[in-house]
Amino acid sequence: PMTTDGVDAPWVVHFAYRRAGARDGMWRPYGSVICNGRTVLLISESGDIQERTRSKAASYISVETHFGSGAAEFRVASLHPFDVTVVAPSSEVGCVRFQA
């Protein structure tokens, strides 16, 4: 995700998925990424916590996620305006990763 508001403030991005064809249609959150200055912190619903330090303050956060074996929709949400770019497969070095 890349913030588009140009504000240098703490930024939180939330990740969720919904199984394709599921009767309940429920979005299931699986984690959040918090960016504060050069520190990026991933907190997963599975209990995983990762912290990375970016080499410089930037307007983007690099996050990798596992798409799983079944069809699903993914949602990325934040109170800050942002853009998302999907790159698959990822070759980003130093990103935070949601584990399978």
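This report describes the aromatic contacts, nonpolar core, cysteines and salt bridges of the structure above.

The model is predicted, so local features are given only at pLDDT of at least 70 and side-chain atom pairs only at pLDDT 80 or more, while totals for chains, interfaces and linings use all residues. Residues are numbered from 1 along each chain as its sequence is written, and side-chain values use heavy atoms, with hydrogens and water left out.

**Aromatic contacts**

Rings of Phe, Tyr and Trp (for Trp the six-membered ring) are paired if their centres lie within 6.5 Å, and planes under 30 degrees apart are called stacked, over 60 edge-to-face and the rest tilted. The count under this rule is 5 aromatic pairs. In one of them, the ring centres of Tyr30 and Phe74 are 6.3 Å apart with the planes at 85°, so the pair is edge-to-face. Helices and strands are DSSP runs numbered from the N terminus (H or I with at least four residues for helices, E with at least two for strands). This pair links distant parts of the chain, with Tyr30 in strand 3 (residues 28-36) and Phe74 in strand 7 (residues 72-77), 44 residues apart. Tyr30 is buried at 14% relative accessibility, whereas Phe74 is partly exposed at 32%; here buried means under 20% relative accessible area, exposed over 50% and partly exposed in between, with a 1.4 Å probe and protein chains only.

Tyr30 also pairs with Phe98, with ring centres 4.9 Å apart and planes at 75°, so this pair is edge-to-face as well. Because Phe98 lies in the segment after strand 9 (96-97) and Tyr30 in strand 3, the contact ties together parts that are 68 residues apart in sequence. Both Tyr30 and Phe98 are buried. Phe15, Tyr17, Tyr30, Phe74 and Phe98 form one aromatic cluster.

A nonpolar core is a set of buried Ala, Val, Leu, Ile, Met, Phe, Trp, Tyr and Cys residues joined through side-chain atoms within 4.5 Å. The largest one has 11 residues, among them Trp11, Phe15, Tyr30, Cys35, Leu42, Ile61 and Phe98. Strand 2 (11-19), strand 3 and strand 4 (39-44) are the elements that give two or more residues to this core.

With a disulfide taken as a pair of cysteine sulfur atoms within 2.5 Å, the structure holds 0 disulfides. Cys35 is in none, and the nearest cysteine sulfur, that of Cys95, is 14 Å away. Cys35 is buried with a relative accessible area of 5%, and Cys95 is buried at 2%.

**Salt bridges**

A salt bridge is a side-chain nitrogen of Lys or Arg within 4 Å of a carboxyl oxygen of Asp or Glu, and the count by this rule is 3.

| Arg18 | Glu73 | 3.1 Å |

Arg97 is partly exposed at 29% relative accessibility, while Glu64 is buried at 18%. Glu73 is partly exposed at 40% relative accessibility, and Arg18 is partly exposed at 22%.
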